[in-house]
Amino acid sequence: MSAKLERLSQTLRDVFGNRIQSLVLDRGEVTIEVSAAEYPRVARQLRDHADLRFEQLIDISGLDYSAYGNAVWEGKRFASVAHLTSVKHNWRLRLRVFADEDAFPVIDSLVDVWPSANWYERESFDLYGILYSGHPDLRRILTDYGFVGHPFRKDFPVSGYVEMRYDPEQGRVVYQPVSIEPRENTPRIVREENYGDVGHG
């Protein structure tokens, strides 16, 4: 671990103490996780504390952990991750928070802390269905206004629920149920009848 990352990790521990639920240093990057209740206050301190000064929000991404790794995920399903940069200290940091409820995921907005969070939170809402409490204009940004569901959720069907096409009789675009038959994307392997049998040629 580099001295710079060790200094950042120690500074985070000193400033936040047990408010950090986890601190992970992996592949030269630091990720901290905080509770949903602490999220806005920790974010503001990350920006304002003289020893941290994460003045720039690079990105916010939503995550659906329902099918994470090769095992059944035991924790909360939806998370939001803010990617931050401190220009003053030349540090990068990930700030992760999980929504308390899976059925109705709500996380506080960071627009008051970093105004650039606006469109990123809209994207996360649109694609994952994560609601950002206090957001000034939380509406879809990438999908159509009539879109049903959130397409980056792991349980969203690959073909979607509806398709659109132009109807020349009506002179407009219409929506209709998906007409694509579900299909297996794995190629079918054809072998001779006794392939793999013991004692076969």
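I looked up Phe147 first. Phe147 counts as partly exposed, because its relative accessibility is 27%. The scale I used: buried is under 20% relative accessible area, exposed is over 50%, and partly exposed lies in between, with a 1.4 Å probe and protein chains only. Phe156 has 14% relative accessibility, so it counts as buried.

A note on the source. The model is predicted: local features need pLDDT of at least 70, side-chain atom pairs count only at pLDDT 80 or more, and totals for chains, interfaces and linings use all residues. Residues are numbered from 1 along each chain as its sequence is written, and side-chain values use heavy atoms, with hydrogens and water left out.

Next, the rings. I paired rings of Phe, Tyr and Trp (for Trp, the six-membered ring) if their centres lie within 6.5 Å; planes under 30 degrees apart are stacked, over 60 edge-to-face, and the rest tilted. By this rule I get 8 aromatic pairs. Phe147 and Phe156 are a stacked pair, because their ring centres are 5.9 Å apart and their planes stand at 25°. I also found a cluster: ring pairs link Tyr65, Tyr68, Trp73 and Phe98.

Then the sheet. I took helices (H or I, at least four residues) and strands (E, at least two) as DSSP runs, numbered from the N terminus. Two strands pair if DSSP finds at least two bridges between them.

I checked two strand pairs. β3 pairs with β4 (residues 78-86) in the antiparallel sense, over 8 bridges. Ile60 stands opposite Ala82 in β4. β1 and β2 are also antiparallel, over 6 bridges. Ser22 has Glu33 in β2 as its bridge partner. The hairpin of β1 and β2 has 2 residues between the strands, and Arg27 there takes a positive phi near 55°.

I stopped at Thr31, in strand β2. Is Thr31 buried or exposed? Thr31 is buried, at 16% relative accessible area. Leaving out residues up to four places away in sequence, Thr31 touches Ser22, Leu23, Val24 and Arg94. The side chains of Thr31 and Arg94 make a polar contact of 3.0 Å. That term needs a pair of N or O atoms within 3.5 Å; within protein, one must be able to donate a hydrogen and the other to accept it, and residues adjacent in sequence count only if both atoms are side-chain atoms.

Last, Ser179. Ser179 is in the segment after β9 (172-177). Ser179 counts as exposed, at 51% relative accessibility. Its C-alpha atom is separated by 9.3 Å from that of Ser159, 20 residues apart along the chain.

Conventions
Contact means heavy atoms within 4.5 Å.
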